[in-house]
Protein chains: 2
Amino acid sequence: MRKIGNQKRANLRDVAKAAGVSVATVSRVLNSPDSVAPETRAKVQSTISELRFMPSAAARAINSGRTRFVGALVPTLDNAIFASFLSALENKLNDYGLALIVSTIGENPQLEVQKAQSLINLGAEALILSGAAHDPKLFQLTNQTRFPTLATSFYDDSAPLPTIGYDNHDAAQLGVQYLKSAGHRHIAVAHGPVETNDRTQARINGVQSVSGMTIDYHEADISFEGAQVIARNILAQKDRPTAVACMSDVLAIGLLQQFQRSHLRVPEDISVLGMDDLPFAAHTFPALSTIHLPVKRMGTAAGRAIGEWLEHGNEPAPERLEPQLILRESVAEI
Amino acid sequence: MRKIGNQKRANLRDVAKAAGVSVATVSRVLNSPDSVAPETRAKVQSTISELRFMPSAAARAINSGRTRFVGALVPTLDNAIFASFLSALENKLNDYGLALIVSTIGENPQLEVQKAQSLINLGAEALILSGAAHDPKLFQLTNQTRFPTLATSFYDDSAPLPTIGYDNHDAAQLGVQYLKSAGHRHIAVAHGPVETNDRTQARINGVQSVSGMTIDYHEADISFEGAQVIARNILAQKDRPTAVACMSDVLAIGLLQQFQRSHLRVPEDISVLGMDDLPFAAHTFPALSTIHLPVKRMGTAAGRAIGEWLEHGNEPAPERLEPQLILRESVAEI
DNA sequence: ATGAAAGCGCTAACAT
DNA sequence: ATGTTAGCGCTTTCAT
């Protein structure tokens, strides 16, 4: 038994004995107070606080089969996009009396399976995933057992899992179309690794769906170092594009800095468009024009979906959230 | 009982029956495989995977008294400082086979007590706090029961709890001293709310410890909006300071933008010094000089401390991590 | 309205 | 090396 310090934690029996009732009665005041006589209830409740009694979640779980927490798997916390999502998710979950436990998995599908496994072992009642690309084993894990699982950060109403998110294809298309309407005909696209990230792939498809543009593709890590590499390559070009569409704000902000450092003015000499709408994006100089991805709303929607699923058995319907063009100062009309 | 889909989850007894051994043997191959004959072990293991058996964490916890997860309470995830800390913490914890569950509490001490309570209810084996200011009830909760609790984000070897962190007083002092050595004699200090944040208070004390400076204090929310207000106030001054020391990078980055927007050059017209060293800080234009707070190392140290405490009973010693001056481009020597 | 008692899935003595 | 069995702290019938 786990004892902390000297006095071991009081349990149901201790309370029952001290209050002069049976354990069943104590359990009742905990779970259905109305079924207990007011006086009895009052006495039990006061004994509970006297003894600082706290029901054991484990013992509860073993009986009720409910742990009241769900797990989320995200690539990283080191990215405001996921952090915002998770904080909105946690808030909504709390409305349903559900706790959230977060695991980070990098971009490693194997690790994801493993962490999903431990989350389920731990007792998670549902899983919330990011993106569409997952190890098949993950689906074995969740699909076969019909384990409540939700995919986020993308929208696809024909996916094997319910999805809640924005359409990455459309988001990128929206950006490039805007660039086109602003008069740009030759642009660069800066994006992260395609191989390991399905959302990036979807965005590139969106870019390609816009006709009548000359487009150079630059792939690098989504990091400031990656941006540096891309900037160097763009700067070295003989026929330089008039704008660069970044598939991530981090890349855009990095480019902003690198261009200015090379005495290229943004947007006079070259335009930069981001994607994500990180908190910082509005506060760079010049302020970044970007595609806003509704991650807060996504977190709230995911929380509600899971809450309804677990508490009322309503299986979630796919939900599509619209990305939005945010015009600030980093793109010029030409 | 919780059953998912049709076939209820296999349990120890099912495995034992199917493998033709006793439940104890199955339990043994799970917990001390070496004590089981190789053949028996092999048979049991194969039955385990056939039946997709997964031990129930709750049942385990109830017996062993161990849940193998710890809780962390942070103000917010919407701040790279905490996100970095947590990801390092989680990594280190994983080395000890410990999982991390994160709760966000804003700047609300009441909420902190409440969330701490639910974490403990849930079965957390230890708690990791941020900062020094907590509701007394929190200490009742943890101190009286000698619940393993660690405080981070500040250092104080005489605190009631073991602390792992940097000295906020020294960090601020370091910054202002640098400004002084660079020739600045009249500076502004931009900081967040003092009332609700003990770390901010400590930093201000550090600022005040430097003599021979004229210092204007500007308090605002730690946000870009807050920075905007502070920038307006500084800009409106007749006798303008030559530098502003920000107690947070968010404030510094906001100021950078606001100053440039008002056609004030940084650092030629006014210097800006940050604190935190957010990932973005190196990639603003001009790049931000700042005080680096070793949050990654702090996360690792905290993870190790908790791991050693829980796994080997070694109570952690306070640990002091040094803040570090990072010279980039936003401060001029005059 | 309350109590007695049977488990839940597992671990840990204790036997063999 | 393996089995038997008594719990762990709680919820939940089923009686009363």
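**Exercise 1.** Work out which rotation and which shift superpose chain A on chain B.

*Solution.* The model is predicted, and local features need pLDDT of at least 70, side-chain atom pairs count only at pLDDT 80 or more, and totals for chains, interfaces and linings use all residues. Residues are numbered from 1 along each chain as its sequence is written, while chains are lettered from A and ligands numbered from 1 in the order in which they are written.

**Exercise 2.** Describe the side of chain A that touches chain B, and find which helix gives its largest share.

*Solution.* Begin with the contacts (C-beta atoms, placed from the backbone, within 7 Å): 47 residues of chain A meet 45 residues of chain B. Next, among the elements that each supply at least two residues to this side of chain A are helix 5 (80-95), strand 2 (99-104) and helix 11 (249-261), with helices (H or I, at least four residues) and strands (E, at least two) being DSSP runs numbered from the N terminus. The largest share, 6 residues, comes from helix 11 of chain A. Finally, 96% of the interface residues of chain A are also interface residues in chain B, so the copies meet through the same surface.

**Exercise 3.** Find how many residues surround DNA strand C, and which are the closest.

*Solution.* Counting residues whose C-beta atom, placed from the backbone, lies within 6 Å of the strand, one finds 26 around DNA strand C, the closest being A:A24, A:A37, B:N11, B:L12 and B:N63.

Key. Two residues are in contact if their C-beta atoms, placed from the backbone, lie within 7 Å. Copies are superposed by least squares on the C-alpha atoms of residues with pLDDT of at least 70 in both.
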